[in-house]
Amino acid sequence: MKKPIIGISASMIYEEKDQLFLGDKYSCVAYSYIDAVYKSGGIPITLPILKDVSAIREQVKLLDGLILSGGRDVDPHFYGEEPMEKLEAIFPERDVHEMALIKAAIDLKKPIFAICRGMQILNVTYGGTLYQDISYASGEHIKHCQIGSPYQATHSIKIDKHSTLFRMADKLEIERVNSFHHQALKQVAKGLKVVATAPDGIIEAVERENEDGIFIIGVQFHPEMMFDKSTFARGIFKKFINICIESKPGEVILKEDIQQLENQEKDIDEKIKEIEDEEKKEFFKGDL
């Protein structure tokens, strides 16, 4: 069985120091995503930002599953708001690319795993909104942008017992996660349901609501950073990879494979003819 191909949405950075390559653009994704996918049994590939919707669809056709990675704030324009004081850096070109990736993946029935900003752009694509900063949500809040090692779990989440995430968590209702975000889901989009929350009510995970066979999950924390230290994080990735394998259509036969099969069939046909010729000789031997 071939391992599933998992596409990871990439960001872009600009060379700002090296005079020789000043201004050059680099497509990039944190290696922790690549490492987690590979260690879970998938083949990771990065998906550079494109503007051509038809080309983006072709990107998704190559995949068995899609991971939406973390990054900058989502442009509030895409959920009908003006920028507020605490909004940080945005990247509209990436927003457009990832919204097209999501729509194509849903249309082609590819599993989606959205992480941090990935869950936020997933919600916006469905028609939901975001808190541009957690401080704009009512109530007193715990610290959601931790200081310390990325793999450290710093706050708890409560998981819905009837969710896929609960099964990924080895049926534990309370888990501890890391936290690196200042935005959060506000109005949850139609089609998504909340399956985990932080103690202050901030949404920590969502899943696709309807039963149409498409697997979609989003988490606000970063399981890829916790992968080597957390059974929970490893369970999420491994379950996602297994779902991608189960959702994978019949193996695609490439041109080289077709040629190889045709050559094998030709060899078999020639061998059968040789056997038939030998049998004919034996059959008519008495008449000669």
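Trainee: Is His182 buried or exposed in this predicted model?
Mentor: The model is predicted, so local features need pLDDT of at least 70, side-chain atom pairs count only at pLDDT 80 or more, and totals for chains, interfaces and linings use all residues. Residues are numbered from 1 along each chain as its sequence is written, and side-chain values use heavy atoms, with hydrogens and water left out. Buried means under 20% relative accessible area, exposed over 50% and partly exposed in between (1.4 Å probe, protein chains only). Because its relative accessible area is 14%, His182 is buried.

Trainee: With which side chain does the side chain of His182 make a polar contact?
Mentor: A polar contact is a pair of N or O atoms within 3.5 Å; within protein, one must be able to donate a hydrogen and the other to accept it, and residues adjacent in sequence count only if both atoms are side-chain atoms. At 2.7 Å, the partner of His182 is the side chain of Asp133.

Trainee: What is the relative accessible area of Ile241?
Mentor: Ile241 lies in helix H7 (residues 231-247); helices (H or I, at least four residues) and strands (E, at least two) are DSSP runs, numbered from the N terminus. Ile241 is buried, and its relative accessible area is 1%.
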